[in-house]
Amino acid sequence: MSSPKTIGNKAPVLDYKSAGSLLNPLKNLQFLGRKAITEPLQPRLASLNYRGFHLNDWEACVGCASCQKICDNAAITMVEIPGLKNDPVKGIRNHRPAIDYGRCCWCALCVDICPSASLSLSREYVHTCDQEHIDSYFILPDPNGMHKKHFGQGWQKTEHSDLLSLTRSAMAELEPANRDTNFNEIVHGFTPEQAVVEASRCIQCGMCHDSCPTHMHAPEYIRAIWNGDVEEAVRQIYRTNPFAHVCGRVCTRRCETACSVGIRGEPIAIRWLKRYAMDQVSHDRIKQIVKEDGKPKASGHKVAIIGAGPAGLTAAFDLIRSGHKVDVFEALPHAGGMTRYGIPDYRLPFDTLQQDIDVITSLGVKIHYNCRIGTDKTMAQLQKKYDAVVLAIGLSKGRQTRIPNSEHRHVYRAVDLLQKISSGEEFELPQSAVVIGGGNVAMDIARSLARLQKQQFGEVKITVTALEQQQHFMADPDEIKEALEEGIIIRDSCGPQGCEIDKSGKLIGLKTWKVVSIFDEEHRFSPRYDETEETIHAGDSVIEAIGQFADTTLLGEQLTEKLEWNRGRIKIDPNGRTSEPWLWSAGDCVSGPDVVHAVADGHRVAASIQQQLTIKTNKS
Amino acid sequence: MNSAQSQSLNVLLQEIEGIQLTHQNQRRLRADISADALPALLALLRGRAGYVHLSAISCVDWIEDDQFELVYHLWSYETSILISAHIRVARDPGIYLSVFDIYTPAAFFERDIHEMFGLYFEGSPDMSKFILTEWDGPPPMRKDFDSEQWVMDNFTWQDYHPDWLKQIEQQGGGVVKSADSSRKSS
Amino acid sequence: MRPENYQAVNHPPSHEYELNFGPNHPGIEGNYALKVKLQGDIVIEARADGGYLHRGFEKLMENRLWIQNIALVPRICVPDPVPMEVCYSLAVEDLDDIKVPERAQWLRVLQLELSRIAAHLFTFGGHAATTGMYTPMYWGVTDRDLILDLFEELTGGRVYSIYNLPGGVRQDMPEGFLQRVTQTMDYIDGRLKDYDNLFFTNQIFIRRSKGVGVINQQQALEWGVTGPNLRACGLAFDVRRDDSYLIYDQLDFDIPTEDAGDAWARTLVRRMELVESIRIVRQVVQALPDIKGPVRTPIPNPLAWRVKAGDSYTRVESSKGELAYYIVSNGEEKPYRVHIRGPSSMHAVQVLEKLSVGCRLEDVAQTMFSLDACPPEVDR
């Protein structure tokens, strides 16, 4: 060989510059005896990461269409396939990509972007047909390959080639030491730079929109934030949600569960982005944006809404914008319902909530505070005076465990205490407390009491007990993490059996048994315990946070009798209308405790009422 | 490049009136000048700084400013600094001077820019078509020419109807028109 | 009987006639025409005629996301697509201040040099064919295929590797890849002697190519000649060394030159560059195992990626000469303007028109091929 084996040295002078002998080429006659290179007719096996025809794992694919978006040749079309799983709440669509091999250039960007990692390319690369069979160029890839011949996977997503950003943009929040004695808001929210980075992670698949109870236009407002246009973001948010500040802080965010980016990474922080947009725009400007549609023509109809919570006020927001006169009756001195009296200040500052309410009242919604229906006014009076009445009374009463000694005066309902704390009422702060329940309300009361204890006594003595294992708590994982940081003790798999009282009648703790299972074979709630593992959780008070129920006494006997009921709840049709044609019901009292569901409910009944009133107008 | 060279280059370039110099990095020098001053700058660079190589002339259509930007990329085998001279000329009537007399390769780039942007170079040896011989539409690289629309107007999409798609359509499914149309509405 | 539309051909008195040379002919890798005016068999005027492969890349790129263009750019030059990818990526990295991990830089150099070898093999085979020697053509193309095998293994694609993207390369190399690179390099090293015997020292080639299409150094500088064509005129200029990018400044390689400036010298320079590229590849093979770390700096979600506003003129040395991308970003999701300065646009138009004059007709194809012009890159 004429070339150097040592690396980096200068190559020796070669003789090719000298005009060679005329006979030189004859040296190559030696190749005459060599076997000719022939290629077999069978396709040669491609390399291990070859970019051949597509494969798609239909089990993993969620139909998010990111492949379609990144395809530079518009070779990918999404096809809706009936019969496949279609679950908006889980973020799964029954769509699958089909590839046009007349356009595909095998760049594999679709593989690299795929959030579910379901797409890959195979090692198969031969396909041909005549003009009559041109349809064979349009393929719905599955795991078997183009010709069902199983050539195996070629190009796949690796940690290097993954094009999605799977981790969230960092956001500042209060450290435990700075928050455990006050009710200051924990989360600071995104800075503009952080928000744009976070918004840029969105692939605009719209799974969030589909999963949201009120179908918020999250892709649109995230895009607007990415474009630096926060006012447009607010506009998009208000298309479906007048409780924008509230949902930007305390939403249960089904959107983030459905988020395609969340399949392999952290979902887009949709809730914090919404909050960011709302925080960036001044309150006055928000009010202007909401009024951009102009003043509606007065319809002459009047609607009464009972309860100034998210459901009632959302309905009020929609109805007033349709030109109806809306009166809202609120039994308590402030609007907001559970968001005002149930959610502590450190999660949702009262003035932030007040801004949302102010936007709604600025449209002309009249809220009558301290006006309890059933006492100050009757349902019959409302029926007479208004064209439609909405019952949005929420779940104001705490459920009781009814375990032995639970009628002790130091056994409280979480909602009652939270209401006392948030309205600044005096109450006897327990030195030590045991909370029953593993949901967000349990965390709210535990963490609120912890702050007060730390302020007053300098130490936290709170134990949270719940039936579930900690990873299955209903509470938000962030809540659990933060509760632990604040010194709260969490005991999971504990079934409450009774409150312990000493001889002097003083409450000294809660007795629990270890939970073996919560549901029976038919998935009915039926906890079984291991009685041998008994624990006494010490505490001078016990707080029940095991759920709430609606207080329907305001209806009065006559109406209660007249209405149709369904398992203790007022029976409603899909539009929220009760069996009485003038009465609708919405919010927690029909859909269970959740702000964004309440908002969705509010829209639903408003639309139904609007439809009804339009018919009425046309008739008259 | 050493700093003495850079220094002398800077001094030299200051002879051009109104020149704005930006050192983008060690080997890239951006010069913004008026269109009138460009021939003088090129002559100066070629004659006194060893800038014999015209690497390229790039044209950018700043339609919102109603201007074309012309960028002359010049390389000196001596200083090893690439100078990009930026000028702006009005989009309408779109006429500028050829620099063919200073740099021979300009002929190709000017011909190309004329063909693609419709900017005419006075004094260029050949302004005839080269690539788009059979094209009689507007100069396609102009921002106001929408090539995608042109393709949509002049070509059809291959219409596929494979059996698998027919089956899915029978079951009530089928091609999703656009990603957004599949969304749930509130 | 004469057909109705018969028109008598007017032969010019001087026996001058015009010939459409192309667009399909052995002189070039692609479709490209030369309209030549001949006096006898001597060319007295030549006009280059391009546009047969125009696909409007520059316009297309303005309509696509920054990331989508990586699938597009290699198609601009079929015989040597890798510098297109790298140059585009380098320009975007320059605009958006992306630092490329070291390992990715070495992998890029490895791929660039392999691509240079492949392109030169292709060219030498093609050049041989223009002089009527077809065996070197088969050899060149067959041996190039071995490099394509390496590309297939490294990148998943044989010709359009689409391996580089802003931030680095898409995947790390597979197990045992460097061994296979070494094997292929050993093989090509060994083949060089055979090429010499068959072609480079072949009297037929030497006598056909010496003195054909001569460019002197002054003309070369005047006409904007770059790359091996410039080095064949005695000027040792190479973007890799003189306007260095990636990690070329850490590598040891020579810049071969010739002085004759004719078709022979140009082809010989490429022959010498094969040796230099093999040398570089061997250095990379030796160094790569010790360079750990990622192969890519993550870019933002490509569906929502805005590159910082600004402009960048980025050059690399492709096998054909100076390749440059001028990219303007106005801070949006798509490039505002991409101008591709392909080396062939100079060589195949102005230079070729000048060099052809005085050639004999049978040397036109050879003159063309010795300039190693790539028509898709002229047309873009």
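Predicted model: local features only at pLDDT ≥ 70, side-chain atom pairs only at ≥ 80, totals over all residues.
1. **Domains of chain A.** Start with the layout. Chain A is divided into four parts: domain 1 (54-139), domain 2 (176-290), domain 3 (298-390 + 567-619) and domain 4 (397-547). Note that domain 3 is written as two stretches, 298-390 and 567-619.

2. **Domains 3 and 4.** How far apart are the C-alpha centres of domain 3 and domain 4 of chain A? They lie 32 Å apart. The two domains do touch: five residues of domain 3 of chain A and nine residues of domain 4 of chain A take part in the contact. On the domain 3 side, three of these residues are nonpolar, one is polar and one is charged.

3. **Chain A against chain B.** Here 26 residues of chain A meet 19 residues of chain B. Three elements of chain A give two or more residues to this side: β2 (76-80), β3 (95-100) and α5 (207-211). Which element gives the most? It is β2(A), with four residues. Sorted by class, the side of chain A that touches chain B has 12 polar, nine nonpolar and five charged residues.

4. Two bridges join β2(A) to strand β8 of chain B, residues 174-175. The two strands run antiparallel. Look for Val79(A): its bridge partner in β8(B) is Val175(B).

5. **Chain A against chain C.** Now turn to the other partner. This contact takes 46 residues from chain A and 47 residues from chain C. The elements of chain A that give two or more residues to this side are helices α1 (66-70) and α2 (109-113). By class, the side of chain A that touches chain C has 24 nonpolar, 15 polar and seven charged residues.

6. Leu109(A) lies in helix α2 of chain A. Is Leu109(A) buried or exposed? Count the C-beta atoms around it. A residue is called buried when 20 or more other C-beta atoms lie within 10 Å of its own. Leu109(A) has 26 within 10 Å, so it is buried.

7. **Who touches Leu109(A)?** Set aside its neighbours within four places in sequence. Leu109(A) is then in contact with Ile70(A), Ile67(C) and Ala71(C). Two of these names carry the letter of chain C. Ile70(A) is 39 residues away from Leu109(A) along the chain, yet their C-alpha atoms are separated by 6.8 Å.

Key: Residues numbered from 1 in each chain as written. Chains lettered and ligands numbered in written order. Contact = placed C-beta atoms within 7 Å. Nonpolar A, V, L, I, M, F, W, Y, C, P; charged D, E, K, R; others polar. Pairing = 2+ DSSP bridges. Domains from an automatic or database assignment. Buried ≥ 20, exposed ≤ 12 C-beta atoms within 10 Å, placed from the backbone.
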